[in-house]
Structure formats: structure tokens, C-alpha cells
Amino acid sequence: MNTLKAQYDKARRVLPGGVNSSVRFNRAIGTPFYVSRARGSRVWNVEGRPFIDMCCAHGAALLGHAHPAIERALQKAVEFGFAHSFETEYHEQLAHQLCDAIPCAERIRFCSAGTEATLHLIRACRAFTGRDKIIRVEGHFHGYHELIYIGGQPPPAAFSGNRAHPYRESPGMPAAFADFIIPVPFNDVEALAGAIAEHGKEAAMVILEPVNYNSGGIMPQPGYLEAVRQLTRDAGIVLFFDEIQSAFKKSPGGAQAEWGVTPDVCTIGKAIGGGLPLSAFCGRADIMDLFQPVGPVQHSGTFNAHLIPVLAGLAFLEEAAKPEFYPGLRKLENAFHAGVDEIIRRHDLCMIVPHHGARFDILLVRKTPAIRYEDIFCHDKSLMLEICKGCYDRGVYFHDYGGAAAHHGYSSLHTLEDIGEVLNVLEAVLGNLKEKLCRR
């Protein structure tokens, strides 16, 4: 039988760190989590052990694993002949359905990953405004490319200088790229107004996650998104919502529909491919029609909108439109959070579990919601790794994210029995760590 360690030893001879994505090295268990199969709410590692999956492909597997609708879409692709680098009627159908669902979407283009989506849409925003700078919100994540992987999530040691000298989040990024980034704190209307007053004539866009799933699950404060909308409109700056994570997690319209604030453009992804690689960028027609062949802005790629994920996207939307889909997710959300909040209350634990739709965050060493990125610096990464390891040992997989206060979730194929089992495991693990979670 293969083991995680044996697979890791083989893989790292040919793959840096034995993985194809840096975050797949799991610090809680000391190796990547190598999977042999997945179905429904469960995944099996290469040793054959089953786990309830509370990662769900970082939010992409909202339908769960091997959903019958996605299997039918794959079979349809086989019959079609896996045609790619062509347009089909299915591309138009998916585009129409998404434009009907997303409030800001008058036009849409498809790509594979969220990183691609923000890269191409930033280019269009710059072309539309004739400006180069980007006002971005601290703590928010918009992909790994040089245009935006700056100033978002600086470590605490670098945070104090971030607004004067935006922090480059990886080596290999030229310092000159930071000159185009203007970081501002989340939920601070005054700070944003100041940034626009100072840089409005050179800023192409304000980009943010309407729900900050990537740093502690921080929610927009009442009136904040509305104020951002007004400030950007008054200054002629494009308002860019990154809904790669928030799209379809709670409703078909995403956070912009849930808060009633319509941006000029947005990115969507993760869930829309039903577990296959599909993302999109969309928005006002006058901005989107800058892309060739209508306008001058380039966006091309051999594998853009490959037929297989497009058919899976149509299958996902069909499932999400069923009357029981979102009520079913809400039942899981209500059961999980009622249970975890009771565990926290019963054991007087110093932690919170903020949530929105089918994703939630775990933020340690804090009893009140965070408002800004710096409010999550209290989070204890080493203790979070202990929690992940304790759950892993008991058959529940929470992805470790290096111990960060990041997001987790469940799928439409999870059951209330699954949620009950997860809560039992969490109570056992958190109970064992109670002394560390309470001595604050």
C-alpha cells in the first residue's frame, strides 16, 4: 500500500515540494494530502483513509465530489468530441445565464483561474480609464500575478510600512510594480476618500472582495459598500468586486446582489465550474466591449472556456437553480454554526467562526468580529495547525493554509449527519486544546 510519506518522497524528486500549488503542502500533517479518490462529501487519501472534506477544493467543489450532474456533463463532452479553441452554442448559453444572474454583468468572458480573471480585467479597467494605479484593500486577495499580488496581505512585521511602501508578497516581483498600488484599510470610508482625493486622477479602479474570506472572514460594515460605490462613481473610478470566492456561495447573484451594491465589473469563479477549472470576468458593456475584436484590448488563450468546464458550468447552474439547492445549503450553515457557536460558548473558547453562505473562517484568540486586516494579527497559526492535525487524525479534513485564518466550507452533498460528525470531532479537538484557547 502506498503511504503519504512514500508518495511525498517520490513526488518531490520531480515536483518542487512534491506539489503543483504551493498551498498544497499541508504543514499540519507534514506532507501534501495525496488523494486517491473523492465522492460526495468525502475524500480518501492514498492510504485508503476516508475523510469528511471541509475544504471542498477551496470553495470550487460547492456541488461536492463526483456529482451526477457533472458526470453527465463530462459524458456529453465525450460525445461532442472534447472540442476546444472553438466557440459553441454552450458558451453563449452559459454566458447568458450568468449575465442574467450577476447584477453587473452585461458582457462576460471566460478563463480558467481566478488569477487570470483579475489580470485580464485589470487591463480593461486601465484601458477604459486611461489610468494606471490600483486602489486595493488590505487583507483581500486577487490572485498571484505581479499586477495585484502586492500590498494585500503583508505579514505583521511589514504591515506598518505597507501604505507608504506596498509589500511585495513574493520574491521575483520588480519593485516598480509596487508604485502602481495604493493600499487602504477595509471598512474605512474616510481612508478610501483620502486615497481617492490624493490619487483619484491616476487611479483606474478600486478593487476589493465584498466579503473578505481570505483574511479572517471580515464582513463589510453597514454602509461601507454603498459609500465605496458612491465615492468611485463620483471620481470616475471603476469599482471592481472580486467575487471569485463569494459568487454562488449564498445566492445566485453573489455578494453584490445580497448587499444591493452593483459594481462596474467583477470576477467570478471557484464554484461556477462545478469542480472543473472555470472562472470569468464580467461587467458593464462599455468596459467589456474594449476587448478584441470589438475594441483594442487583448484577451486570448487556447484553453479559454474549454468545452468540458463550460458544460460543467451549465450543469452547475441547473443544479443551483433547483428550489431545494440554497435552502439545503442554509440548513447545513445553520446547523454547523449553531453547533460550533455552542461549543465555543460551552468551553468559553477565545475564537470566532465568521461565515457567509457555504464558506466560513476560523479566527483564533479573538471573541469579536474583525473589522480590518490588522485585527486578525492576534490569530495563532501554530494553534490552528494543531486544530487541523487533531481533526485530520479523527477523519475530518480542514485545509491548513499554513495555519492562517483562512476559509473552509461544505458542499451540497454534505448531510446534516456529516455536519454532526464534524461538530463532534471539533468539540473533541478544541476540548483537548481548551487551555491554550482560553489562557488569553
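Which residues line the largest cavity? They are K249, K250, Y326, L329, R330, E333, G357 and A358. Its volume is about 40 Å³. The structure holds one cavity of 30 Å³ or more. A cavity here is a set of points, on a 1 Å grid over the protein atoms alone, where a 1.4 Å probe fits but cannot get out; lining residues have an atom within 4 Å of a point. Grid points are joined across faces, edges and corners, and the volume is the space filled by probe spheres set on the points.

This is a predicted model: local features need pLDDT of at least 70, side-chain atom pairs count only at pLDDT 80 or more, and totals for chains, interfaces and linings use all residues. Residues are numbered from 1 along each chain as its sequence is written, and side-chain values use heavy atoms, with hydrogens and water left out.

**The sheet**

An open sheet is built from four strands, ordered β3-β4-β5-β17, with mixed pairing. Its edge strands are β3 (35-39) and β17 (396-397), and each pairs on one side only. Helices (H or I, at least four residues) and strands (E, at least two) are DSSP runs, numbered from the N terminus. Two strands pair if DSSP finds at least two bridges between them. Strand β5 (residues 50-53) and β17 run parallel, joined by two bridges. In this pairing, D53 stands opposite Y397 of β17. Helix α13 (residues 416-432) packs on the sheet and touches β4 (42-45), β5 and β17. The direction of α13 makes about 100° with that of β5. Axes are lines fitted to C-alpha atoms, for helices over the stretch in contact, and angles run from 0 to 180 degrees between N-to-C directions.

H65 lies in the loop between β5 and α2 (68-80). E319 belongs to helix α10 (residues 307-320). Buried means under 20% relative accessible area, exposed over 50%, partly exposed in between (1.4 Å probe, protein chains only).

| Residue | Relative accessibility | Side-chain polar contact |
|---|---|---|
| H65 | 15%, buried | D53, 2.7 Å |
| E319 | 9%, buried | K322, 3.0 Å |

A polar contact is a pair of N or O atoms within 3.5 Å; within protein, one must be able to donate a hydrogen and the other to accept it, and residues adjacent in sequence count only if both atoms are side-chain atoms.

Contact means heavy atoms within 4.5 Å. Neighbours within four places in sequence aside, H65 is in contact with A38, R39, G40, R42, V43, D53 and L413. On that basis E319 is in contact with L63, H67, A69, R72 and F325.

Note on methods
On a 1 Å grid over the protein atoms alone, a cavity is a set of points where a 1.4 Å probe fits but cannot get out, and a pocket is an open set with protein on both sides within 12 Å along at least five of seven lines; lining residues have an atom within 4 Å of a point.
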